[in-house]
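Colleague: I would like to go through this model term by term. Please set each value against its cut-off before drawing a conclusion.

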Amino acid sequence: MKQRGREAWRQRSNLIAVLFLLIFFSVTSAQLRYSIAEELKEGSFVGNIAKDLGIDMNLMKQRGFRIMSGSTEPLFKVNENDGILYANHKIDREEVCKESSVCLINLKTVLENPLEVHYVTVEITDLNDHSPTFPEKTKRLEISESALPGARYQLQNAHDPDGGTNSVQQYKISQNDHFRLEIKDRGRDGKTPILQLQRQLDREAKRSHKLVLTAIDGGNPTKTGTVEIYIDVLDVNDNMPVFTKDTYSAVLQENAPAGTTVIQVNATDLDDGPNGEVVYSFGSDVKGKIRELFDIDSVTGEIIVKGRVDFEEQDSYDIDIQASDKGSIPFRTDKSVIIKIGDTNDNPPEIEVASLSSAVSEDSRPGTTVALISITDLDSALNGKIISYVAEDSPFTLTPSIQDNMFAVVTKSQLDREQQSIYDITIIAKDVGEPALTSEKTIRVFVSDINDNSPMFSVSPYSFYITENNLAGASLFSVRASDRDEGDNALISYHILRNAGYENKVTSFLNINSETGDILALKGFDFETLKTFQFQVVATDSGTPSLSSNVTVNVFILDQNDNAPVILYPVSSNGSAEGVEEIPRNVNAGHLVTKVRAYDADIGYNGWLLFSLQDVTDHSLFGLDRYTGQIRTLRSFTETDEAEHKLVILVKDNGNVSLSATATVLVKVVEPKEAFAASDVKSATKDEEENNVTFYLMITLGSVSTLFLISIIVLIAMQCSKTTDYTSKYLQETNYDGTLCHSIQYRSGDKRYMLVGPRMSIGSTIVPGNHANTLMVPDRRPASEEVSAGCRCPWC
């Protein structure tokens with residue numbers, strides 16, 4: 001109000017001064033003063049100088065009436081004919097008198113002859129033809145939201161070219177809640193608007209304010225000018241970051257690759273600039289393990305996978321996220337992010353043997369527990385559901401236990417250690433995930449033995465061939481038995497089963513090694529006395545209770561050449577092998593003189609006898625058949641031949657070391673008459689002797705045949721009761737023609753043997769080895785065909 005009073009007083013003072021000058025000028029000065037309004041058109045009348053100065057119009061032109069002009073184009077011109085002052089062009093007071101409150105134009109008029117100078121003052125009065133204007137159409141101010149009420153902000157003045165009361169007289173501001181306007185009067189510099197803060201700003205409530213400042217002049221009508229004032233509220237860090245969600249949670253599948261975005265958190269800060277820029281980080285309490293698995297983008301707030309996430313290690317993570325601004329004193333806000341880990345089927349079932357029996361007895365009942373197995377799967381839901389079973393077809397199965405994830409391996413059928421002593425049991429566990437994962441575990445189970453198997457002989461029955469005259473105490477042969485059990489149950493001892501009777505007499509000369517089964521004889525055997533016998537060996541294991549089995553052992557005595565030939569004929573009365581034969585002188589060649597008969601108790605080659613003339617008086621007269629022992633004449637007798645001839649016959653067997661005997665035959669050549677008489681007597685004697693010899697031979701051969709027949713019957717019975725290739729038959733035939741023929745055939749495996757007497761069939765072969773006196777006959781018949789037995793002598 002005071003400022004407005006001062007401006008009114010100044011205006012009155014100026015007006016009084018102008019009036020004083022006018023009055024003074026009219027009284028004391030000869031100057032002229034005109035007053036015109038601005039904006040007159042060109043050629044408009046200003047005043048009549050000639051008239052006002054009292055100058056004769058007729059002399060004006062002669063005296064050169066004119067206005068003295070300067071360097072600029074004159075605003076006015078005078079008509080030299082009538083002395084009237086005109087406006088030379090349109091006059092704009094604001095252009096002519098820019099800053100003057102009173103616009104006066106001083107003109108000098110000149111008259112010559114005599115020189116006269118008259119002063120003319122033209123006042124140009126102001127019209128309100130301009131509106132107030134501001135230097136800028138818009139004005140932008142920056143005010144901190146921390147500014148306190150009462151703060152003052154000077155605004156720019158509005159400019160109005162008009163003067164006086166037509167100039168800017170007042171300012172007003174648009175309606176608002178925060179500011180009011182003050183006017184400061186600066187005198188000649190005009191009025192200055194000042195903006196004063198009445199209420200503290202809040203940038204977060206309103207970032208900017210728009211005000212309209214209006215400048216009003218004093219014209220009638222008034223004119224105004226406006227400027228838009230934009231007030232930007234400068235931010236101060238007075239707001240904390242705020243997360244857009246109350247809770248953040250996400251589901252992440254385990255084994256997600258590094259770089260996978262899990263979730264994005266977002267926080268806003270109402271502040272501006274760095275105060276409103278939010279950066280994200282893990283809270284200070286986040287453990288190092290989480291920092292190894294996850295990372296957060298400080299700008300975007302994306303939580304990404306950094307390491308290998310495993311559901312089985314941890315199924316969820318509660319991570320503290322911190323959002324902070326970049327203010328000089330930053331504000332921070334914490335938020336918890338829950339990441340749940342989704343399970344994938346990435347873990348195969350784990351099979352662990354909790355307990356395993358060292359061995360299970362083969363007589364264990366079905367359902368006996370062998371092992372306890374723990375089967376677990378670290379996955380969850382269907383991925384952790386397990387199907388387990390025993391892989392191969394075995395006498396074991398898998399049954400669930402009382403405890404979770406525990407299974408028992410039990411027997412499902414009877415065990416037999418002798419069929420299988422070790423079982424490798426493969427347990428398969430398979431989950432039902434997609435894709436399904438499978439694990440295998442193999443456990444080894446040993447089956448312990450019980451004594452449930454008797455010893456078994458490798459051959460049943462045994463057949464052994466030994467040579468007579470064996471050394472007493474030497475090992476003859478061995479029997480072997482095996483036991484399918486093990487340990488003490490398979491430890492076998494041997495003994496000979498001795499019964500009362502004949503067989504016991506034979507076995508009394510035998511002994512057996514209880515550990516090895518080696519059998520030895522306490523004395524030598526004689527083929528001629530004992531050709532075959534049998535006994536039983538018992539094998540007993542050491543189990544509890546012990547089990548045993550026996551086997552029949554057939555022993556065949558093989559012949560040795562231990563008997564020399566025995567001369568049966570001729571035999572003298574004193575027992576010597578000597579005889580006398582008389583033949584007529586007139587006999588022809590080929591006449592049978594006599595026949596030497598001999599016997600060898602051995603068989604085969606050892607009993608095969610050959611005859612030869614060891615000594616004879618005349619080799620051209622007598623001949624000896626080497627096989628039959630027949631002595632025949634080779635030619636007819638002559639007169640020059642001696643009447644008595646001595647023949648020494650050598651009889652020897654075919655043993656490796658042959659044995660022999662000799663017989664002496666004295667042949668007397670007599671005349672025919674004497675020969676007939678003597679032959680009658682001798683024939684009777686001879687027949688009697690032959691009958692005696694034949695009787696003894698028949699008894700001997702009958703005994704031998706009976707013994708062989710019994711052996712054959714026993715062997716046939718054993719052969720029928722046992723399924724084996726072994727076949728043997730024994731036959732004996734006697735063909736007594738001076739030499740006893742023995743023949744025994746038997747089969748062993750794929751070979752057929754023949755024991756022969758003094759004569760042997762043609763085509764037979766000698767088998768080397770222990771059976772040196774045994775012939776092996778080529779067998780050209782099928783194995784199933786029965787082997788015939790008989791004498792292979794040429795005479796049989």
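Colleague: What makes Arg203 and Asp235 a salt bridge?

Modeller: The closest N and O atoms of Arg203 and Asp235 are 3.0 Å apart. A salt bridge is a side-chain nitrogen of Lys or Arg within 4 Å of a carboxyl oxygen of Asp or Glu, so the pair counts as one. The model is predicted: local features need pLDDT of at least 70, side-chain atom pairs count only at pLDDT 80 or more, and totals for chains, interfaces and linings use all residues. Residues are numbered from 1 along each chain as its sequence is written, and side-chain values use heavy atoms, with hydrogens and water left out.

Colleague: Why is Arg203 called buried?

Modeller: Its relative accessible area is 1%. Buried means under 20%, exposed over 50%, and partly exposed in between (1.4 Å probe, protein chains only). Arg203 is therefore buried, and Asp235, with 17%, is buried as well. Buried residues make up 43% of the 796 residues in the protein chain.

Colleague: How do you know that Arg152 pairs with Glu182?

Modeller: The closest N and O atoms of Arg152 and Glu182 are 2.2 Å apart, and the pair forms a salt bridge. It links distant parts of the chain: Arg152 is in strand 9 (residues 152-154) and Glu182 in strand 11 (residues 179-185), 30 residues apart. Arg152 has a relative accessible area of 46%, so it is partly exposed. Glu182 has 18% and is therefore buried.

Colleague: What is the case for Arg308 and Asp310?

Modeller: The closest N and O atoms are 3.4 Å apart, and Arg308 and Asp310 form a salt bridge. Arg308 has a relative accessible area of 52% and so is exposed, whereas Asp310 has 9% and is buried. A search of the whole structure finds 22 salt bridges. Arg417, Glu418, Asp449 and Glu486 are linked in a network of them.

Colleague: Which residues form the negative surface patch?

Modeller: Asp285, Asp318, Asp320 and Asp334 form the patch. Patch residues have over 30% relative accessible area and no salt bridge; like charges are joined within 9 Å, nonpolar side chains (Val, Leu, Ile, Met, Phe, Trp, Tyr) within 5 Å. Asp and Glu count as negative, Lys and Arg as positive; His and the chain ends are not counted. The charge is placed at CG of Asp, CD of Glu, NZ of Lys or CZ of Arg. Asp318, in strand 22 (residues 316-325), has 48% relative accessibility and so counts as partly exposed.

Colleague: Is Thr214 buried or exposed?

Modeller: Thr214 has 12% relative accessibility, so it counts as buried. Thr214 is in strand 13 (residues 208-217).

Colleague: What does Thr214 touch, not counting residues up to four places away in sequence?

Modeller: Thr214 touches Gln170, Tyr171, Lys172, Thr224, Gly225 and Thr226, where contact means heavy atoms within 4.5 Å. Thr214 and Thr224 are 10 residues apart in sequence and 6.5 Å apart in space, C-alpha to C-alpha.

Technical notes: Areas by Shrake-Rupley, 256 points an atom, 1.4 Å probe, with all protein chains shown as cover. Helix = DSSP H or I, 4+ residues; strand = E, 2+ residues; numbered from the N terminus.
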